[in-house]
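Here is a short briefing on one protein model. Look at the sequence and the fold before reading on.

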Amino acid sequence: MSTATKETAVTASGKPFLMRIGIGLFGLGMLAVVVVFILFATGLENLPVWLSVAAGVITPLGLLLGLIALVREARTKN
């Protein structure tokens, strides 16, 4: 017989799904930040709004999701 545990949300590599989403969003946001810096360095001033939103919102959102996943993982270990 098998019993259900709290670790069912953990994938095969050991990282929770929420952590994977957070890492992906943070990486995507950092890529947007780099693109914004490169475009400003080349002299472009009128950047698309979606690029500025991606750089300013997606990066902290990914960081927040990663931190939430870390806190949840630490609480389940105790």
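The model is predicted. The protein holds 2 helices and 0 strands. Of its 78 residues, 21% count as buried.

**Overall**
- The accessible surface of the protein comes to about 6100 Å². Carbon and sulfur atoms account for 70% of that surface.
- Among contacts with a separation of 6 or more, 60% join residues 24 or more positions apart.

**Helix H1**
- H1 covers residues 17–41 and has 25 residues.
- From first C-alpha to last, H1 reaches 36 Å, close to the 36 Å expected at 1.5 Å a residue.
- Its buried residues are Met-19, Gly-22, Gly-29, Ala-32, Val-33 and Val-36.

**Helix H2**
- H2 runs over residues 49–77, 29 residues in all.
- Its first and last C-alpha atoms lie 42 Å apart, close to the 42 Å expected at 1.5 Å a residue.
- H2 has a kink of about 25°, centred on Ala-55. Ala-55 is also buried.

**Packing**
- The buried residues of H1 pack against H2.
- In turn, H1 is part of what covers the buried residues of H2.
- An α-helix has 3.6 residues a turn, so residues three or four places apart point the same way.
- Buried residues in H1 include Gly-29, Ala-32, Val-33 and Val-36.

Methods. Residues are numbered from 1 along each chain as its sequence is written. This is a predicted model: local features need pLDDT of at least 70, side-chain atom pairs count only at pLDDT 80 or more; totals for chains, interfaces and linings use all residues. Side-chain values use heavy atoms; hydrogens and water are left out. Helices (H or I, at least four residues) and strands (E, at least two) are DSSP runs, numbered from the N terminus. The expected span of a helix is 1.5 Å times one less than its number of residues. The bend at a residue is the angle between axes fitted to the seven residues ending there and the seven starting there. Buried means under 20% relative accessible area, exposed over 50%, partly exposed in between (1.4 Å probe, protein chains only). Contact means heavy atoms within 4.5 Å. Accessible areas come from the Shrake-Rupley method with a 1.4 Å probe; for residues, only the protein chains shown count as cover.
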